[in-house]
Amino acid sequence: MQPRNMSMSGAVDLAAVKAAAEAKEKAEAARAQAARDGVPVPTAGALVIDVDEAGFQQDVLQRSTEVPVVIDFWAEWCQPCKQLGPLLERLAQEYAGRFVLAKIDVDANQMLFQQFGVQSIPAVFAVVGGQAIPLFQGAAPEAQIRQVLDELIKVAEQQFGIVGQPAAGDAAVAGGDAEGAEEVPEEPVGPYDSALAAAGDALDRGDLGGAVQAYRNVLSDDPGNVEATLGLAQAELLRRVEGLDPAAVRKEAADDPADVEAQIRVADLDLVGGHVEDAFGRLVDTVARTAGEDRQAARVRLLELFEVVGGDDPRVVAGRQALARVLF
């Protein structure tokens, strides 16, 4: 069987990601910092999981808000599946946490088979931010599969800021000593502690320009520094709303819903005021009804606000899912 749909261009407007370099850099920084902070990472077993209908919500939909999930629909009687399955499993190990492979036996999970509209197997889909993307159908050459996976990972990072976690080195891949797989290299004692303390002091006393510059200085040397990344996001947000007249800004946005910059300014004000869902909802709605540079501006600002709140916050998880629904 020949592969089909070997491009994601029909699922995502890839032209829109060209201006998203900032989001990509932040995604890379988050991945690097997660490794340094000892965030739990997938073991070899966790990179390839068997999924059924009962566990689909948690194992695929919820997981897809943190890492792209690639789904392999297969069956025991399917000969091409026996060629494709081991290849996908090997690539899941090689990509070391950039995506998770979920294997679904269609004979045992007919409802999922029907919900995805699978016509024949093997069939491979991805789920990002709760949204399904058809990747390809049938056995495919390894080079083409790698292309699709690379594009999937790029879109997940640049469009949604969703990244996987790097697996814990050879011990995880080889399934070696369990204790060794959990060990995290000890991080050197904070070389940037004094710079970060100075940035925090500047933020506390309202010197937003000084705080922004101080955080940027740290990030220029250590792009993965999570404290500087979060501090910079907060300082830049506060600097953007400094001097704004909230009543005037809100009136401007209400009078002209098509004014994207006005909607962005109100979202900033909402977040500073603690109205997190309102801020996210306004920008998701703006992304939904715009295109081109306006849509890109609203999307990038939404990713920045996600960063201010924190990726583990359930409101951010819900916001990422909402963003995914309007982008696909």
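A word on the background first. This is a predicted model, in which local features need pLDDT of at least 70 and side-chain atom pairs count only at pLDDT 80 or more, while totals for chains, interfaces and linings use all residues. Residues are numbered from 1 along each chain as its sequence is written, and side-chain values use heavy atoms, with hydrogens and water left out.

Now the overall picture. The protein chain has 16 helices and five strands; these are DSSP runs numbered from the N terminus, with helices being H or I of at least four residues and strands E of at least two. Of the 328 residues in the chain, 46% are buried, meaning under 20% relative accessible area, where over 50% is exposed and anything in between is partly exposed, using a 1.4 Å probe and protein chains only. If we take contacts with a separation of 6 or more, 73% of them join residues 24 or more positions apart; a contact here means heavy atoms within 4.5 Å.

Back to our helices. Two packed helices are described by the angle between their axes and the distance between the axes. For helix α12 (residues 246–255) and α13, the axes come within 8 Å and cross at roughly 135°. Those axes are lines fitted to C-alpha atoms, for helices over the stretch in contact, and angles run from 0 to 180 degrees between N-to-C directions. The crossing of α12 and α13 is left-handed, that is, the near helix is turned anticlockwise from the far one by less than a right angle, with clockwise being right-handed. On the α12 side, P246, V249, R250, E252 and A253 make the contact, and they meet A262, Q263, R265, V266, L269 and D270 of α13.

Next along is the pair of α13 (residues 260–272) and α14 (residues 276–289). Their axes come within 7 Å and cross at roughly 160°, so α13 is roughly antiparallel to α14. This crossing is left-handed too. Among the residues in the contact are I264 and A267 of α13, and F280 and L283 of α14.

Let's move to α11 and α15. They pack at an angle of about 120°, with their axes 9 Å apart, which means that α11 is oblique to α15. From α11, T229, L230, A233, Q234, L237 and R240 meet R301, E304, L305, E307 and V308 in α15.

Which residues does R301 touch, not counting those up to four places away in sequence? They are R240, I264, D268 and L283. R301 is found in helix α15 (residues 292–309) and is buried, with a relative accessible area of 16%.

Finally, two loop residues. N225 is found between α10 (208–221) and α11 (226–241), and at 10% relative accessibility it counts as buried. A polar atom of its side chain lies 2.9 Å from the backbone nitrogen of A228. G311 lies in the loop between α15 and α16 (314–327) and is partly exposed, with a relative accessible area of 45%. The C-alpha atoms of G311 and T65 are separated by 9.5 Å, although these residues are 246 apart along the chain.

Conventions:
Angles under 35 degrees count as roughly parallel, over 145 as roughly antiparallel, 65 to 115 as roughly perpendicular and the rest as oblique. A polar contact is a pair of N or O atoms within 3.5 Å; within protein, one must be able to donate a hydrogen and the other to accept it, and residues adjacent in sequence count only if both atoms are side-chain atoms.
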